[in-house]
Amino acid sequence: MSDNAKSPPLPTGTFAERAVSWSKKNLFDGWFNSILTIGAIAFLLWLIPPIIEWGIVNATLEPTIEGCKEVSGACWGFVNANLRLILFGTYPYDEQWRPLLAMIILMGIICGSLGAVKYPGLRKAIIPMWVIGVPIIAILMWGGVLGLTYVQNSYWGGLPLTLILSSIGVIFAFPFGLLLALGRQSHMPAIKTMSVVYIEVIRGVPLITVLFMASVMFPLFLPDGVTIDKLLRAQIGIILFTAAYLAEVFRGGLQAVPRGQFEAGDSLALSYWQSMRLIILPQALRLVIPPTVNSFISMFKDTTLVVIIGLFDFLGTVKLALRSDPAWTKYYVEGYAFAAAIFFLICFSMAKYSAYLEKELRKGERR
Amino acid sequence: MSKPQNAQGDVRSKSLVDYLNDENVRAVLYQIVAIGLIILAGWYLVSNTLYNLAQQNISTGYGFLDLEASFEISETMIDYSAKSNYATALVVGLLNTVKVSVLGIVLCTIIGTIFGVARLSSNWIVRKLATVYVETFRNIPVLLQLFFWYALIPGAFPHPRDALEPLPGVLFTSRGMYMPVPVADTAYTLMGIAAIIALVAIFFIKRWAKKRQDATGQPFPMFLTGLGIFVGLVLLAYLAGGAPTEMSMPELKGFNIRGGYNISPEFLAVLIGLTVYTSTYVAEVVRSGIQAVPSGQWEAADSLGIKRSVALRKVILPQSMRVAIPPLTNQYLNLTKNSSLAVAVGYPDLVSVSNTTMNQTGQAIEAISIFMSIYLGLSLLTSLFMNWFNKKMALVER
C-alpha cells in the first residue's frame, strides 16, 4: 500500500502556522464545529483534572487501610495489598509461581499462534506448541508430579483461570466448531439438521443459561458415582457455547471459497476429506482468522460470567479481595478500575491486531 | 452413477463393495450412524438423569408451577405477592427482562447513533472522544461494568433523608431514583386507545398518500398530518377523560420515601451497564452503515436536483439501513441475552427468578428448560423478522 500517493502535499510554513491551519480545518470549520470543539474541550477540562487528581496526585500506594484513610484520592494500596489474591485467587501462597509461569507460557503460546499469521515460519509450530504447552500448564497448575504438591482446582483463580478458561475453550471448540460448520454445509439432510439445530439453539440462549445448565444439569446426566468438578463443568459449558459461534465464523469462510474450488477437488478425484484438507480449509481458515480472534476476545470477556456460578476468575478475585476485609469494601472503584485496565489492555491489543490482520490478509486481493 | 466396468469392459452386476462405494448409499449409512449415535447418547443421558432424580426423590414435570412461590420479588409490573404461584413469579421475571431490554434497546440506539455519527465527524476532537468512548467500553467485560455501576449507585448518592432533588419531585438517593407519576385514571386508558386509533389511521393515510404519489406525482405532507392526527386525538382523549392533573409525588415518610415511581439501583445498574456496553457496538454498526453508502449517491441525488434532506431520507438512509439493520438486530438480541446478567446484581429478571425457583424446588431441568426456551423463542422470532426484512430490503437484481 502506498500511503504517499494518497496523502496531500506536505504543509509548509512554521509549526505555529501549520497548527493554526490544521485547527482551522479540523476544529473550527464553521460555527457548528466551533461550538462542538469548545464544548468538547470544556467537557475534557471538567473530566480529566479531577481524575488525575484522584488517581495520581492525591493517591497512595501504601498497602494499608490506615494509609488509605489519610489520602483523599485513590487507594491503590488496596490493589497493592491484595495483588496476589487478585492475580492468583486462593492458590497456595508459596506455590503461586506456578500459575504465574503457566500464565506466561499460555500467553506465549497465544501470542505465538496469533503471530504465525504474520510470520509464516511460526505456522508449523502452532500445533506442537499447544500439544506440548497444554500438558505443561496442566502439570504446573495441578502438580502432584515432579515434586510439585497437588493443588485442587477449586483453589485456582484469578487471571490464570480467566486465560485458561477462555483459551482452552476456544482451542477445544475449534475442531468441534469446524465439524459443525462442515455439517451445516453438508448435503446429508440428517447431519445438516442436527448441526443447524445445535448451532441455532446455542446461539439463541445467553451464555449464563449454558453455564447454569453445565453447573446444575451435568451432574444429573452422569451415571451414579461419577462426578466432575465445577471448574471442568464450566469449561465444558464454555467449549459447547464457543463451538456454536465458531461454527458460524467458519461457515462464513467456507461460503467465501468459490464453488470452482470444490469442483476442482472433485475432478482431481480427491475424497471429501482430502479436498477439504488440501484445498478448501487452507483457503477458508485463512479468511476466518480475524473473526476467530474476535470470537476469542468476546470469549475472554464472557469468561467473567463464571463468577455467577461461583468460580473465582479475575473479576471474581477482585470481588473476593473487596470482601476480604470490610474496611476494603469501599475501595471498589480502585479494584474494578484495576481489573478493567487489565481486561482493556488484553482485549484492545488483540482487537487492534485482528484489525491489522484483516488488512494484511486483504493485501493479496487489492494488488 | 454409471455401472462399474472391469478391465475387459463388460458390464458386471453390482457387488456389496460397489454399493458401499456408492456416494448416495454411503450418505444414507453415515446419517443412520449419526442419528443412531445421537439417540444412544440421548437415551444414556436421559436414563442417567431419571435414575439420579429418582435417587434424589425429585419428581419431574411442570406441576410445581402451580405451587405457592413464597418468596418476595422487589420489582413487579403485575400483581404479585409471596402467595402467588411460581408461574406468576416467572411471568414477573419475564416482564422485568422485557422492561430492561426494551428501555436498553431504545437508549443504546440513541447513544450509539450519536457516537457512530461522531466517529465520522470532521471535527478532530469530537472524533477522538467518540473513538475513546467506543474502544474503552467495548473492551471491558459487561459484567464488570454492571458490578461497577451497582457498587457506584448506592455509594455515590445520599441517604433518602438528604436526597438530591435536581428537579422538583425527582429524587436521587442511595435506594435509587424517584419520579412523580400521574395517579391512575380512566383518561389515561382512553389516551392509550386514542393513540392506537391514531396509528392505524396514519397507516392507512400513508398507504393512500403513497398510491396517490405513485399515480399523480403529487407529494403529501405526511409527517405534519401524522403528527397532527396523533397529538390531536391523544389530547382530545385527555380532555374527554376530564383532564386529570393529580400526581403522586415521592415524599420522605419516616426512613423511606413513599409515593412516586421508584427506579431501583439494581435496575439502573443493569440498564446503564447494558446501554453503555451495547451502544459501543451500535456505534460501530451505524458508522459502517453510513460508510457503506458511496459518496457518489449523494452526488447523484444532487445532480437530479433532489433536496439534501429528501436525498438523506429517500436515497442514503434506505441504503445504509440495508447494511445496518441485520447487525443492529443482532446487537438488540445480544442486549436482551446479556440482560440475564441481571442475576449477578440481584435485579429480578427471568433468570434470577428461575434461579430462585430452581433452588427452592430442586426442579433444575424444568426451570432451565423454561428460560432457555423463552430466550430461544425470542431469538427465533428475531431471526424470522430478519429473514422477512432481508427479503423486503434486498436489492432486486435481474
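Helix 10 of chain B and helix 12 of chain B pack at about 175 degrees, with axes 11 Å apart. They are therefore roughly antiparallel to each other, a label for angles over 145 degrees, where under 35 is roughly parallel, 65 to 115 roughly perpendicular and the rest oblique. Axes are lines fitted to C-alpha atoms, for helices over the stretch in contact, and angles run from 0 to 180 degrees between N-to-C directions. Helices (H or I, at least four residues) and strands (E, at least two) are DSSP runs, numbered from the N terminus.

This is a predicted model, in which local features need pLDDT of at least 70, side-chain atom pairs count only at pLDDT 80 or more, and totals for chains, interfaces and linings use all residues. Residues are numbered from 1 along each chain as its sequence is written, while chains are lettered from A and ligands numbered from 1 in the order in which they are written.

Which residues of helix 10 of chain B meet helix 12 of chain B? Among them are R322(B), I325(B), P326(B) and T329(B). On the side of helix 12 of chain B, the residues include Y375(B), L378(B), S379(B) and T382(B). By class, the residues of this contact are 8 nonpolar, 5 polar and 2 charged. Ala, Val, Leu, Ile, Met, Phe, Trp, Tyr, Cys and Pro count as nonpolar, Asp, Glu, Lys and Arg as charged, and the others, Gly among them, as polar.

Next, the interface. 45 residues of chain B are in contact with 42 residues of chain A; contact means C-beta atoms, placed from the backbone, within 7 Å. Helices 2, 4, 5, 10, 11 and 12 of chain B each supply at least two residues of the side that touches chain A. Helix 2 of chain B gives the most, with 12 residues. That side of chain B has 32 nonpolar, 11 polar and 2 charged residues.

Chain B also has an open sheet of 4 strands, in the order 1-2-3-8, with antiparallel pairing. Strand 1 (164-167) and strand 8 (261-263) of chain B stand at the edges with a single partner strand each, so one side of each lacks a neighbour in the sheet. The twist averages 25 degrees from one strand to the next. Strands pair if DSSP finds at least two bridges between them.

| Strands of chain B | Bridges | Residue pair |
|---|---|---|
| 2 and 3 (residues 176-179) | 3 bridges | T173(B) with G176(B) |

The hairpin of strands 1 and 2 of chain B has 2 residues between the strands, and G169(B) there takes a positive phi near 90 degrees. Strands 2 and 3 of chain B also form a hairpin with 2 residues between them.

Last, the records. UniProt (unreviewed entry) annotates "transmembrane region" in chain B at stretches including 139-157 and 220-240. Such positions are given in the numbering used here, feature names are shortened, and annotations may be inferred rather than shown by experiment. Residues 139-157 of chain B are 79% helix and 0% strand, with end C-alpha atoms 27 Å apart. Residues 220-240 of chain B are 90% helix and 0% strand, with end C-alpha atoms 30 Å apart.

Terms used:
Two residues are in contact if their C-beta atoms, placed from the backbone, lie within 7 Å.
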